[in-house]
Amino acid sequence: SSQFLGLSDTREMIIEASVVSDLEALATNGFDATPSTLKDLLSHVNQTVQEAEQQEVTYLLALASPNGWTDAVEQQITDRGISRTRFSRHVSIILVDLQDGSLIYDRSDPVAERNSSLFELPVDNERIQECIDDIRDRLDRVGLGTDEVILDHVVSDDGYDPHIVKRAFDYYVEEENYQQQYVDNQLVLYEG
């Protein structure tokens with residue numbers, strides 16, 4: 001954020017994402033098949049805590065493991081008896097299990113809670129492609145009557161976030177000769 005008439009700025013938060021994997025196993029075997037451990041977690045957290053404490057800035061650390069996390073790690077992060085400040089008052093942690101897409105974090109940590117959606121799988125591009133396909137199915141089904149799709153209906157019926165549907169609508173406008181327009185406060189995609 002800007003300070004002093006815009007002449008300087010301060011950091012509000014640092015977001016870092018890393019993949020945690022056993023590089024030795026990858027080099028030797030060509031794959032890593034073991035879940036990440038507490039040692040793996042702490043090696044990343046210790047570096048982050050030092051930086052966060054020096055800069056006195058909120059730090060959100062997301063660590064992804066291709067093989068999930070051991071129970072000890074999950075317990076360390078989610079244990080209700082330990083507060084958000086277990087590592088540092090400046091550091092919040094989100095763990096991502098790349099096998100099943102699950103997120104592990106302290107639900108009482110407001111920084112992790114508000115930002116967890118940044119690390120949800122699948123990523124937006126995959127959701128947008130799925131939405132484009134679902135809209136195509138809707139347009140093929142309509143056939144009789146009007147060829148239009150309403151953003152709010154796709155959101156409520158198919159469970160997409162509005163920004164995903166809007167970007168899918170934008171694809172149809174740019175690539176498929178469709179148009180979009182607000183009708184009675186609802187965004188409508190129709191063949192143009």
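Begin by selecting Met13, Ile15 and Leu118, which form a nonpolar patch on the surface with about 260 Å² of accessible area together. Such a patch joins nonpolar side chains (Val, Leu, Ile, Met, Phe, Trp, Tyr) within 5 Å, and like charges within 9 Å, among residues with over 30% relative accessible area and no salt bridge. A salt bridge is a side-chain nitrogen of Lys or Arg within 4 Å of a carboxyl oxygen of Asp or Glu. Areas follow the Shrake-Rupley method with a 1.4 Å probe.

This is a predicted model, in which local features need pLDDT of at least 70, side-chain atom pairs count only at pLDDT 80 or more, and totals for chains, interfaces and linings use all residues. Residues are numbered from 1 along each chain as its sequence is written, and side-chain values use heavy atoms, leaving out hydrogens and water.

Ile15 is partly exposed at 44% relative accessible area (buried is under 20%, exposed over 50%, partly exposed in between).

Next, select Glu126, Glu130, Asp133, Asp137 and Asp140, a surface patch of negative charge. Asp133 belongs to helix α5 (residues 124-142) and is partly exposed at 36%.

Proceed to Glu56, in the loop between α2 (38-55) and β4 (58-65). Glu56 is not a glycine, yet has a positive phi of about 50°; it is exposed at 60%.

Finally, select Asn177, in the loop between α7 (162-175) and β8 (178-183). Its phi is positive, near 60°, and Asn177 is exposed at 55%.

Terms used
Lys, Arg positive; Asp, Glu negative; His and termini not counted. Charge placed at Lys NZ, Arg CZ, Asp CG, Glu CD. Helix = DSSP H or I, 4+ residues; strand = E, 2+ residues; numbered from the N terminus. Buried < 20%, exposed > 50% of the residue type's maximum accessible area, 1.4 Å probe, protein only.
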